[in-house]
Amino acid sequence: MDFYTLWLLIAPPLVGGVIGYFTNDLAIKMLFRPYRPLYIGGRKLPFTPGLIPSNQERLAKRISDTIMGSLLTPEELQNLARKLLQIDRTQAAIRWLLKLALEQVQGVNQAKAATVVANILRDLVGQSLPRLIKALARQEDFLEAQLNQIFDQVLLELRLTDKQAEQLSLWILEVVVPPDVIRQAIVDFLTDRNIRIIDEGFRERTSGTYWVVANLFGLRNTLTRLRTYCLDEKESSNARIAELINELGIHDRLQELLQNLSLQNLPMSTVRQLRKTMRDSVRSYLQERGIDVLQGLSDSIDWDNVAKLLLRRLSNSEVVTGSLEPVSQELALVLERYLERDLENLVAQVIPILNIDQVIIDRVRATSPRELELAIQGIVKNELQAIVNLGGVLGFTIGLLQAVILFFR
């Protein structure tokens with residue numbers, strides 16, 4: 001067999017393998033390249049840009065439809081939401097948020113939080129609470145149990161000690177009814193009309209020796225002289241009244257009276273009436289002046305400082321720290337019950353808001369052809385190389401068949 005005949009038999013398999021290999025490789029590259037259209041003489045060359053770059057818009061739409069139609073269906077999103085929102089994960093997230101809120105209150109946002117809390121307290125005590133109390137005070141049983149308890153446990157059993165009775169009696173004699181007040185009361189009482197009435201009554205209602213004294217001497221001159229003395233001799237009359245108070249032992253008697261003073265010594269009907277009167281007085285006071293009192297109290301309090309102290313106390317309180325766990329657990333249970341009931345409707349509302357299909361389209365559009373090629377080759381690199389190799393094998397096989405046919409001819 002000469003060299004020419006040998007070359008005719010060897011050439012078809014080699015040429016077929018090379019053509020099959022490089023043809024498949026070129027076809028795969030033409031899927032992505034060239035990335036941009038090429039022009040010669042103002043005319044665009046065919047197959048430029050590559051298949052995928054030229055159809056990237058349609059590819060993005062098909063990818064979005066495929067993902068939303070078969071992968072991210074509403075049912076799958078519901079299952080995904082159930083997995084993400086399991087009670088353990090939800091409780092951990094809520095606990096983390098509560099801890100973060102406490103840290104923020106303790107940190108740079110403490111001033112803002114204090115301002116918000118101060119405004120809430122100011123509105124609550126100065127506006128909302130007075131209107132609420134005024135509305136509730138119209139009810140007959142408003143604070144009835146509380147006021148009855150105060151009356152029965154405090155006022156009913158209240159008794160003054162020896163020291164308290166002594167101080168109170170001194171205060172009454174020195175401040176409430178000092179000698180000058182008693183003297184002025186005597187002057188105010190001994191008017192001409194009152195003196196005349198006393199004198200006539202004394203004359204009419206006395207008998208025996210007293211009748212003789214009343215009709216011979218009478219009381220008019222005596223009472224008139226007493227009034228004149230109190231008016232003209234103020235210092236002397238005050239001193240005389242003070243001496244009488246001391247000589248009569250008014251202080252000791254008043255102290256003893258105050259020591260023995262107790263509501264328990266009163267009749268039961270009187271005690272009940274006093275308790276009812278106290279309740280009515282409190283209700284009436286709250287209806288008429290409760291708003292003014294609470295608003296005045298609210299204006300007099302530095303709510304900013306109160307809010308800062310409150311937040312500082314709450315942030316360092318062991319009760320608050322220890323309550324994070326049960327509070328987060330209860331909130332997680334509430335959220336779980338809500339999701340079990342309304343998860344389907346919630347997912348149906350979330351899908352249009354998220355607009356996932358448009359996000360996928362925009363993402364595919366924004367990906368350059370080179371990045372798209374690298375991404376696809378990174379996923380199916382081995383498969384694409386196998387296609388190239390398969391093209392070479394098929395070309396080599398066809399060339400080998402042609403060589404066998406030539407050999408037998």
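**Exercise 1.** Determine how the residues that line the second largest pocket divide by class, keeping in mind that the model is predicted.

*Solution.* Start with the lining itself, which consists of Asp25, Ile28, Lys29, Phe32, Glu373, Gln377, Lys381, Leu384, Gln385 and Val388. The elements giving two or more residues to this lining are helix H1 (3-30) and helix H19 (369-408), and H19 gives the most, with six residues; helices here are DSSP runs of H or I with at least four residues, numbered from the N terminus.

**Exercise 2.** Decide whether arginine 283 is buried or exposed, and list its contacts.

*Solution.* Locate arginine 283 in helix H15 (residues 268-300). Its relative accessible area is 11%, so arginine 283 is buried (buried means under 20%, exposed over 50%, partly exposed in between, with a 1.4 Å probe and protein chains only). Leaving aside residues up to four places away in sequence, arginine 283 touches Ala137, Arg138, Gln139, Glu140 and Phe142, contact meaning heavy atoms within 4.5 Å.

**Exercise 3.** Classify the exposure of aspartate 188.

*Solution.* Aspartate 188 lies in helix H9 (residues 179-189), and a relative accessible area of 48% makes this residue partly exposed.

**Basis.** Residues are numbered from 1 along each chain as its sequence is written, and side-chain values use heavy atoms, with hydrogens and water left out. In this predicted model local features need pLDDT of at least 70 and side-chain atom pairs count only at pLDDT 80 or more, whereas totals for chains, interfaces and linings use all residues.

Technical notes:
On a 1 Å grid over the protein atoms alone, a cavity is a set of points where a 1.4 Å probe fits but cannot get out, and a pocket is an open set with protein on both sides within 12 Å along at least five of seven lines; lining residues have an atom within 4 Å of a point. Ala, Val, Leu, Ile, Met, Phe, Trp, Tyr, Cys and Pro count as nonpolar, Asp, Glu, Lys and Arg as charged, and the others, Gly among them, as polar.
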